[in-house]
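Hi everyone, thanks for making the time.

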Amino acid sequence: MDGFRFTLPYSPRIQDINYGGHVSYAAVLYYFQDARIAYLARLGPFSETDVGEGCALIIPEVHVRYRAEMFLGDPLEIGVRVREIRRSSLTMEYRIEREGEVAAEGETPLVVFHYASRSVRRVPDALRTAVAGFEGLPVPA
């Protein structure tokens, strides 16, 4: 998948299918989540609930563009990348392809949040360094 250093093979399940016989719009958000979790695990000891320094990731909004139908059992590939690292957030992009055809794409800002203090925090250095190194991005100060 061009432009994505990380991809995840995927196949729609029966619970993903809606009354129209194709993948539900809501299921695509779970696909993004599964790929995001795998991406974070690929970078090191990270997860949505632990990105270091007692922090987690929260998603204040989601943008999705649906391009083509997806069906039960389709061989999908989900690409994930971080487009930008900011002081307290990352912008993650996603693309779902079926045999080279774009079926959906989207993005989520991911805000670093410290649940114990209920506050937004700076992206932990370990995560910042891992993402920048993997994606070839500059490491912001």
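Predicted model: local features only at pLDDT ≥ 70, side-chain atom pairs only at ≥ 80, totals over all residues.

**Strands, core and helices**

Let's begin with β4 and β5, which run antiparallel and are joined by 9 bridges. To find one of those pairings on your screen, look for R81, whose bridge partner in β5 is E93.

β4 has another neighbour to show you. It also pairs with β1, again in the antiparallel sense, this time over 5 bridges. Here you can pick out T7, which has G79 of β4 as its bridge partner.

Now to the inside. How many residues does the largest nonpolar core have? The count is 37, and the residues with the most contacts inside this core are Y31, Y39, M70, V80, I96 and L127. As general background, nonpolar side chains in soluble globular proteins tend to be buried together.

Which elements supply this core with at least two residues each? They are β1 (6-10), α1 (25-43), β4 (76-85), β5 (89-98), β6 (101-114) and α2 (125-135). The biggest contribution comes from α1, which gives 8 residues.

Let's zoom in on I96 for a moment. Leaving aside residues up to four places away in sequence, I96 touches V28, Y31, F32 and M70, and its contacts also include L76, E77, I78, E101, V102, A103 and A104.

Next, the two helices, α1 and α2. Their axes come within 10 Å and cross at roughly 95°, which means that α1 is roughly perpendicular to α2. On the α1 side, the contact is made by Y39, L40, R42 and L43, and on the α2 side by L127, A130, V131, F134 and E135. What kinds of residue are these? In this contact of α1 with α2 there are 7 nonpolar residues, no polar ones and 2 charged ones.

One last stop, in the loop between β1 and α1, where you will find S24. Is S24 buried or exposed? S24 counts as buried, because its relative accessibility is 15% and the cut-off for buried is under 20%. If you look around S24, again skipping residues up to four places away in sequence, you will see that it touches D16 and N18.

That's my tour, and I'm happy to take questions.

Key:
Residues numbered from 1 in each chain as written. Heavy atoms only, no water. Core = buried A, V, L, I, M, F, W, Y, C linked by side-chain atoms within 4.5 Å. Buried < 20%, exposed > 50% of the residue type's maximum accessible area, 1.4 Å probe, protein only. Helix = DSSP H or I, 4+ residues; strand = E, 2+ residues; numbered from the N terminus. Contact = heavy atoms within 4.5 Å. Axes fitted to C-alpha atoms, helices over the stretch in contact; angles between N-to-C directions. Parallel < 35°, antiparallel > 145°, perpendicular 65-115°, else oblique. Nonpolar A, V, L, I, M, F, W, Y, C, P; charged D, E, K, R; others polar. Pairing = 2+ DSSP bridges.
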